[in-house]
Amino acid sequence: MVPYLFLAPALIGTIAFKLYPIFIGFWESLIYTSFSGGAEKRIFVWFENYQYLFDDKIFWKSLEITAFLTIIINPLQIAMSLGLALLLMRKSKFIRIIRSLYLLPIGIALPIATIIWGLMLDPNQGLINGLIGVFGIPPQPFLVSENQALWCIIAIATWKGVAFWMLFLLAGLEDIPKQYYEAAEIDGATPFQKFRYVTIPQLKRTILFVFVADTAANFVLMVPMIILTKGGPLQSTNVLIYEGYRSGFYYQDWGRSLSIITILTVITLIVIGLQLLFLSEKNEGIKVK
Amino acid sequence: MKKILASLCTIFLFSNIVTSAKAEINFLIGTWAEEPLTPFVEAFEKETGIEVNIQTFPFRDLLATIEVRGNAQADDVDVIFVDAPLVPSYAVRGMIGPMDEYFADTSVNAIFAPAGIAAASWNGEMYAPPLNNSGQLTYYNKDLLAKAGCAEPSMIEAERVTWEEIVDCAKKITDEANGVHGFIFDQISRYYQLQALPESAGGGSGVCEGGLSVKGCLTNDGWMKAGQFYYDIHNTSNISPKGVGPDQTHELFGLGKIGIFVGGSWNNGRWADTDLNYGVALHPYFEGGKVVTGCNSWHIGVWNHSKQKDDAAKLVRYLTASPDVAIHYVEEHNSLPAHNSAILHVAEDPKFNNFPGIVMNLATYESANHCATRGRTPGFLEFEEIVNTSFEDIRNGGDPASVLADAESRIESSMRRYK
């Protein structure tokens, strides 16, 4: 009984602030609000809102963009975070300063970072076009181009996120006993072999955590869309979370909005479940213990 | 000690009772209106003893806040700013209440111009009386036009400039290498201003008769022509720059980087401190088409979930029906009047016959004679958002026909809630 009492505050918090809102969101996604005849009517329609959604090409386009963003941004951020963490493990008398510099983006709130990047990416007066102009590259449209806008958002989110995820990986790297590397060196392992057979297996738990947390975070990434692109141009940055937000807060179509959010929640759970399945301990390559 | 404590408690309780006896209402307004309205709100407080808490929001946040508060049926809001075309939407969803009973002792026709009353009403009832109006004009940089050898657009109706003439001249002015463009809209990619294009091309407002459908009304020939025009000026002739937001357009014109700027009367005072050598003319139209300009502005309504509707209505009437407020708005903020007294003031005061004051006179003329009321539909919120996004997509290179077809199907789907 005592252990349950200790767990109770966390459990109550999880139920009240996580599970209950998810349930309410799902329940409301089954409601259709009509203003027919000038009066508000809430009608329980079972899965009709979902049916409308599946017939809606905006939804499918949005799903496609979300999938594309997820496939690109998560491996990119983790690879960059890991690369950065490995670089910052190197011995140097300036390492503390360099580490602090790399951590700077964490201290800048995402909306502020987005606004600053928005100014730099301005196609007419932005700094980036000025910089690339030095190398003879013509001015780019960036956020107003259907083909470049999502990549710009990936760049902004990566600039902001990499340092944060790097912190966890850096902690994981610091935690790997030095003897493993010494033993590998005695066995004549190359730097790549040390990375492949010592670092990666030892870092697997940390990478798994970062992968899951980063994926969940990027599924709800919408600040740059709200501030910079409004889901455009031509819906090229209209991810599911933004479409759900827009349906609810702009159009007041809460049935549609919450259907989208419910689907996004299910997708997130499936993706995270798959990550846990394929990256969990039992699939580990070798154990160096 | 006990006595002191008891006395303090009594004083505290008494002060609370006194405080709570004083009526207090919450007023949600746009940030731009805080400065002009505050002196009149203070005068209202002094006159009535009702305390008014002004809460300000930027344009988009104001609309979002009203939606969120409406959805929660919040009773901590009493009076709100209402964008003219949203009157039907708020009325149908029960967010604002009818105001006729609060104006029963007078004739609203004697107070407000007919277009203002029309915009304030839905199903024959007046919901949100107008605070001000708006009008669109053509501003031009005299130096850039002279350099390009263009004739200056006219203030005379018979010589009103056409969109075709604007494009011809803007092509001559445009010098992209030096960041100079021939033309720009003030309210880039916003339905409020761009509605004039399809209307002039005979395409209507985009909303079909009855206000519950857009089928065929957003993809007709007039809208296609307007869409193609908007595409061309940004993607073919490149007379208008991309990537510039509505907040930057007047600054570009003020910096001498734009030849012709079609925008609202409120811009007039913005260039007073610059060296800009500019003139003003009537709004353009398509050759052979209808003469149409954007109009209507902000209204004020009583929040339907308010517990103090009578006090709220007093404030609404004080701010909208008072000639002093209307004239102050004209004089100090270049805001076009919706109040008959202020319209008369603009017509009679000689300073409005000369530049730059004549801007108010011209805009009043445009609004009174060529006003295109925005599409009347309870689904205006969705309609406007999707149309704005579509114009932005066209501006960024989207094919006008497919973008407008997409928009039509999207809006039609969202309108099902009102049918």
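1. Starting with chain B: it has 18 helices and ten strands, where helices (H or I, at least four residues) and strands (E, at least two) are DSSP runs numbered from the N terminus. Its radius of gyration is 23 Å, close to the 22 Å from the globule rule for 419 residues, so chain B is as compact as a globular protein of that length. That radius is taken over C-alpha atoms, and the rule is 2.2 Å times the number of residues to the power 0.38.

2. A word on provenance. This is a predicted model: local features need pLDDT of at least 70, side-chain atom pairs count only at pLDDT 80 or more, and totals for chains, interfaces and linings use all residues. Residues are numbered from 1 along each chain as its sequence is written, while chains are lettered from A and ligands numbered from 1 in the order in which they are written.

3. More on chain B: its C-alpha trace spans about 85 × 50 × 45 Å along the principal axes.

4. Now the interface. 23 residues of chain A are in contact with 26 residues of chain B, contact being C-beta atoms, placed from the backbone, within 7 Å. On the chain A side, strand E1 (31-34) and helix H11 (240-250) are the elements giving two or more residues.

5. Chain A itself splits into domain 1 (1-46) and domain 2 (47-283), with bounds from an automatic or database domain assignment. The C-alpha centres of the two domains of chain A lie 29 Å apart. Eleven residues of domain 1 of chain A are in contact with ten of domain 2 of chain A; H1(A) supplies the largest share of the domain 1 side, four residues.

6. Two cis peptide bonds to look at. One joins A:Gly232 and A:Pro233, with omega about -10°, and A:Pro233 sits in the loop between helix H10 (223-229) and H11 of chain A. Another joins B:Phe355 and B:Pro356, with omega about 5°; B:Pro356 is in the loop between helix H15 (340-348) and helix H16 (358-370) of chain B.

7. Finally, backbone angles. Most residues other than glycine have a negative phi. B:Gln73, not a glycine, has a positive phi of about 50° and is exposed, with 12 other C-beta atoms within 10 Å. B:Asn296 has a positive phi of about 65°, but this residue is buried, with 27 other C-beta atoms within 10 Å.

How values were computed. Two residues are in contact if their C-beta atoms, placed from the backbone, lie within 7 Å. A residue is buried if 20 or more other C-beta atoms lie within 10 Å of its own, exposed if 12 or fewer, and partly exposed in between; C-beta atoms are placed from the backbone.
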